[in-house]
Amino acid sequence: MDRSNGSGGKFTPGIAARKQAELTLEETQEKLQLFIKYAPASIVMFDRSMCYLAASQRWVDEYLLNDLGSIIGRSHYELFPNIPEEWKQFHQRGFAGFIEKCDEDRFVHSDGSLQWLRWEIHPWYRSNGDVGGIILFTEDITDRKQAQIALQQINTELEKRVTERTAQLTEVNDRLLVTLLEKDHAYQLLTEQAQLLDLAHDSIITWDLNSVITFWNQGAELMYGWTKAEAFGQESHSLFKTQFPQPLAEIQAELFETGYWEGELIHYTRDDRQITVSSRWVVQKDDAGRPIKILEINSDVTQRKAAELVLQQYIHEVEDLYNNAPCGYHSLDAEGTMVRINDTELKWLGYTRDELLYKIKFLDLLSPDGKQVFYENFPKLKQQGWVENLEFEMSTKDGSSRWFNLNATAIEDAAGNFMMTRSTLFDISDRKQSQREREQAELALRESEEQRRLALEQKSRQESLLWTITQAIRQSLDLKDILNTTVTEVKQTLQVDRAAIYRFTPDWSGDFVVESVDPQWVKLVECNIQKACEDVYLQETKGGRFRNHETFAIADIDEAGLHPCHIQLLQQFQAKAYLAVPIFSGEFLWGLLIIYQNTAPRNWQSWEIELLEQISSQLAIAIQQSQLYTQLELELQERQQAEAIIREAERRWRSLLENVQLIVVGLDASGNINYVNPFFVGLTGYTHEEVLGKNWFENFLPSSSIKSTEADFLQLLTHNAHPYYRNVILTKSGEERFIAWNNTTLQDSDGTAIGSISIGEDITERNKIEQIKDEFIGIVSHELRTPLTAIQMSLGLLKTGIYDKKPEKSRRMIEIALLDTNRLVNLVNDILDLERLESGRAFLDKTLCKAADLMQQVVDALQAIANQHQISLIIIPTDAEVWAAADAILQTLTNLLSNALKFSPVGATIYLSAENQTDCVLFQVRDRGRGIPADKLELVFGRFQQVDASDSREKGGTGLGLPICRSIIEQHGGKIWAESILGEGSTFFFTLPLPAIE
């Protein structure tokens, strides 16, 4: 598993997401319809044409309609043609955004029956703020109204009789008994009146001017839970814990001024249940017109208020889901004009609703190819009722283009006539881009394979050329022969028109000493060419840039900005392009190795430049060796002249070996060291006394290479084989250095091998670079090949057509290809991020950051993934502050938290914390996953490292996440590490500097 190297990915909505969004919208709409249908109130929802959108079953029952299905889509005015014109005006005010209500209103049905109603009209709004229609709430109060009328009649009758009886009592005292009987009768009537009030569903209460309850009907008992005995004598507002919509003093002022007040109050019942009541207060006065008590009638509207609230919430949720869905929604009329569109699609296209709706046809936004698809499929949609998986390229307002996948269904009226479309769009621009990038990647892969083949051929030619030149150096002491062999082989191998060697003279002038050139070209050696002009740059600058070991490559002499005199000379040499590499003898610039292309300009490849530089190094050895042997031969010839000359020759020989910037090691026939030069001593850290007489193989080579190197040494002594090879030597500190050797056998006067002299070049750093490059190419090739193979297989199966009739499997193949394409994109992005960080080219803009804000941003970004896996993300509160680049630290926290999510079980908890230390802030990301073995806690921070090989397939990731984290933290001056217990989980730590104190 790639426990350490996860990188965040980007989410692209797929088919599953679109289906889920559609199901969620349908489910929400169904819930809204069911809520309205079974609401315990008469509720109806109209559009702006007063056509039914939804209605409760109570509405159907109360108005004696057939069934709910028979009224949906029909006009309210059609069902109730005798609706008063005044009510229609109220409807229009609702469309204008006003809320209208009436506590008592009567409606005469077509059969002449009278119905008393309490009603409210509320507008409902679309997401853009327009009124979409009205919602009508009604309550049948016929029974209550009839009870009130009866009560008024009784009151009138009672007052009349009391007046009559009082007059009679005043006139005749002797009719006292009759009056008493009449009063008894009146009392019975009052009792009947109270009983009649008890029959009312509403609570009817009277209280005196001190708010003390004096009457309490049965409706009040049912509504509040207190009996009459418990309620009598109680202060009403305290008993109910009344919450008023305005100060009580204002309500009382209005009540005593007008004699009447109504409004909604919050009351609490005996069991402390909160209810909302519609309350009406009436002042009762005595004969003198003085207030004596208050009549309060309350209707429980709690359920209705809850229904109104829930309905508005559902309407808001449906609109919010419609507008903020991860896909686009729109509707087209029969002409293809856009009549509805959600916010998501508007953001994609860059338009406002006013710019699109009823003004622009969908066709006008399509590319030419998209228009053809529309012409073919829009009639089909209207005919068959649906179309699926149509892909269009659409133009946005700013002139850019996007690709969309469209699915649409037709909406028809009750007669089956087409009304409009309901279309769903998904942005597939990223997928299209990925498809283009995949095609480019496939082309690049093919080109890469071809380049690899060419590279292998080039490497083979390079090694062959180096071997030929090395053999020439070993087998000949004649420098001119070596130089001629070199230019001949270079010209043939690199297929150039001319290869030549230019040698400097002591006054820094010079001339060409050898060349290899085809007969049709001008010769530069031993040819009296009358130069067009004299270019003295090299002479005046004593070798110029070449003294700094610089290579000079010119692809086109006419485009390189050269001096006019230099261009004239090159034209005289018939050259179009050239490459020059310096040749050194020790630290002295000896000459130049130059290759020319005469037929046309030529872009010199890096391997060609590298090859010439390697040949130059070998020529440096050959020149020094030739100079050494030439000098030695001269001195040997003059040995008879004087012993002093011989000693001088030996001194020069040793001086050359002692001062050459190469390793020189002499071995006897047993492999014991009899000579090392100072360069070797300086490189390895030994002294001469620690080296001389020691066995070379046993003391200075790794144990793994002793046998093979000894075998090569014996072959050198017996058969003069292996003159050139590379191996590792050990320094005194145990460090390994990689050396390229040029070995020469030493023989006595009888021709018997008595040892060897080896000249070596330290190529350790160059070898490391080559190994890193090869390893990197190998790993990246593997990481590229795996997803590309999956992409190729998926697209190959699609191309065969076997899934043409299996859209689900076909979509699955596309999803597989898309996932692997995203994996390639993430790999390339991570490689580029890591290269920028490690090369120092990434600029970190550091500011003062709050640790809690950084952690919260990461948790918010990954919360959806955590919820999907039922994993809790806990941030431990902190007030720590750090000096850091916020974006880089967010990337680090995202990588660490993504890894924790990948390896945590369902239901687990992940903790994020940051705490102040003495000189830094310590961040922690702690999970309860399976843990990391102790021997891999450091390994996971390496490139492409994995705890388990199957993790990269099962968990995803590029294998570069933690190396990127380490590079970011180290560039902040911090440290990052991991601690883990197998089976219990892992904790990743990193530190960041505290803000500087000014």
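**Sheet, hairpin and helix packing in a predicted model**

Gln148 touches Glu104 and Ile297, leaving aside residues up to four places away in sequence. The structure described here is a predicted model. Gln148 belongs to helix H5, which spans residues 142-171. With a relative accessibility of 16%, below the 20% limit, Gln148 is classed as buried.

An open sheet is built from five strands, arranged in the order E2-E1-E5-E4-E3 with antiparallel pairing. The edge positions are held by strand E2 (52-55) and strand E3 (100-108); each has a single partner strand, so one side of each has no neighbour in the sheet. From one strand to the next, the twist averages 25°. Strand E1 (residues 42-47) runs antiparallel to E2, and three bridges join the two. Within this pair, Val44 has Ala55 in E2 as its bridge partner.

Helix H4 (residues 85-95) lies across E1, E3, strand E4 (114-125) and strand E5 (131-140), and runs at about 20° to E4. Helix H11 (residues 302-324) also packs on the sheet, where it touches E1, E4 and E5. The direction of H11 makes about 30° with that of E4.

A hairpin is formed by strands E16 and E17, with five residues between the strands. Strand E16 (residues 498-504) and strand E17 (residues 510-517) run antiparallel and are joined by seven bridges. Arg503 is paired with Asp511 in E17 as its bridge partner. In this hairpin, Trp508 adopts a positive phi near 70°.

The axes of H28 and H30 come within 9 Å and cross at roughly 145°, and the crossing is left-handed. On the H28 side, the contact involves Ala888, Ile889, Gln891, Thr892, Asn895, Leu896 and Asn899, which meet Gly961, Leu962, Ile964, Cys965, Ile968 and Ile969 in H30. By class, this contact contains eight nonpolar and five polar residues, and no charged residues.

H28 itself has 17 residues and reaches 24 Å from its first C-alpha to its last, close to the 24 Å expected at 1.5 Å a residue. Twelve of the 17 residues of H28 are buried, so the helix is largely enclosed by the rest of the structure. Among the buried residues are Ala888, Ile889, Thr892, Asn895, Leu896 and Asn899, which also take part in the contact with H30.

Terms used. Residues numbered from 1 in each chain as written. Predicted model: local features only at pLDDT ≥ 70, side-chain atom pairs only at ≥ 80, totals over all residues. Heavy atoms only, no water. Axes fitted to C-alpha atoms, helices over the stretch in contact; angles between N-to-C directions. Helix = DSSP H or I, 4+ residues; strand = E, 2+ residues; numbered from the N terminus. Left-handed = near helix turned anticlockwise from the far one by under 90°. Contact = heavy atoms within 4.5 Å. Nonpolar A, V, L, I, M, F, W, Y, C, P; charged D, E, K, R; others polar. Expected span 1.5 Å × (residues − 1). Buried < 20%, exposed > 50% of the residue type's maximum accessible area, 1.4 Å probe, protein only. Pairing = 2+ DSSP bridges.
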